[in-house]
Amino acid sequence: MVKLFVLLIMFYSSTSVASAPTSWQFGFPSPATEIMEAVVKSHSFVTSVMIAVMLFVWALLAYVVFRFRKSKVKNISKTNHNILLEIVWFVIPMIIVGVLAFKNAELIKLQEKVPKADITLKVIGRQWYWSYQYPEYQSVSFDSYIKEKDDFSEGDLKLFSVDNNVVLPINTNVRLQVTAGDVIHSWGIPAFGVKIDAIPGRLNEAWFNVKKPGIYYGQCYELCGQGHGFMPIVVEAVSKEDFSKWIKNKKLVS
């Protein structure tokens with residue numbers, strides 16, 4: 001019952017509007033990309049199938065327990081094989097598994113097939129901070145460290161805010177290139193539906209297209225040492241005009 005209760009909460013809370021984590025939050029944050037929308041739909045579909053199968057099995061068990069209890073059964077059947085029944089309970093699960101596999105293959109294809117990119121963001125994981133580069137804008141690069149409590153400004157979140165936010169334009173295909181300079185890290189933002197390993201000597205790729213402006217939070221998702229819990233990620237999605245202004249300011253500073 002506890003498992004069913006948790007699954008139901010996750011199902012109905014998957015439309016949460018918060019892009020930052022909140023106390024007692026269940027389920028996913030509000031999707032900000034096409035990929036995350038597909039993830040939420042896939043999760044809801046799989047959860048619905050799981051609940052339907054579970055309820056069917058419970059109903060079947062209840063029927064068998066009450067219908068064939070000792071006081072009701074006078075003549076015990078000696079049948080030990082039923083070809084039709086064996087075919088049914090083999091074919092139906094295979095169909096369910098096939099449908100689930102097909103739906104998840106569609107999601108994987110969407111995640112893995114990188115479309116033509118408008119901008120590239122290169123991420124380098126380090127112990128214990130992130131370095132960012134914008135290859136199309138040669139002079140724009142910076143490091144991003146967790147903010148200390150003494151440096152907080154209004155709206156900052158403990159263990160999530162950083163000194164330099166990643167700034168990206170909305171409605172733009174972003175190619176994400178991720179690597180590491182020391183040990184394995186993992187860069188991810190739940191609202192984007194993106195989580196990708198940062199491995200030394202290897203360049204992994206993903207993509208996303210942020211649909212609405214806002215501030216989106218993530219973390220390092222690979223245990224990388226004592227500073228693992230202090231590698232937050234903050235992406236600020238802005239209009240294309242504001243992004244151009246930000247790039248110009250960054251060039252002037254560098």
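The model is a predicted one, in which local features need pLDDT of at least 70 and side-chain atom pairs count only at pLDDT 80 or more, while totals for chains, interfaces and linings use all residues. Residues are numbered from 1 along each chain as its sequence is written, and side-chain values use heavy atoms, with hydrogens and water left out.

A patch here is made of residues with over 30% relative accessible area and no salt bridge; like charges are joined within 9 Å, and nonpolar side chains (Val, Leu, Ile, Met, Phe, Trp, Tyr) within 5 Å. A salt bridge is a side-chain nitrogen of Lys or Arg within 4 Å of a carboxyl oxygen of Asp or Glu. Lys and Arg count as positive and Asp and Glu as negative, with His and the chain ends not counted. Each charge is placed at NZ of Lys, CZ of Arg, CG of Asp or CD of Glu. Accessible areas come from the Shrake-Rupley method with a 1.4 Å probe, and for residues only the protein chains shown count as cover.

Helices (H or I, at least four residues) and strands (E, at least two) are DSSP runs, numbered from the N terminus. K74 counts as exposed because its relative accessibility is 69%; buried means under 20% relative accessible area, exposed over 50%, and partly exposed in between (1.4 Å probe, protein chains only).

Helix α2 has 34 residues and reaches 49 Å from its first C-alpha to its last, close to the 50 Å expected at 1.5 Å a residue. That expected span is 1.5 Å times one less than the number of residues. Buried residues of α2 include I35, M36, V39, V40 and M54.

Negative charge gathers too: D143, E148, D150, D151 and D163 make up a surface patch. E148 belongs to the loop between β3 (141-144) and β4 (166-169), and E148 is exposed, at 51% relative accessibility.

L159 also lies in the loop between β3 and β4. Phi of L159 is near 70°, a positive value in a residue other than glycine, and L159 is partly exposed at 39%. N171, again not a glycine, has a positive phi of about 50°. N171 is found in the loop between β4 and β5 (174-180) and is partly exposed at 46%. Finally, a cis peptide bond joins Q127 and W128, with omega about -5°; W128 is in the loop between β1 (119-126) and β2 (129-133).
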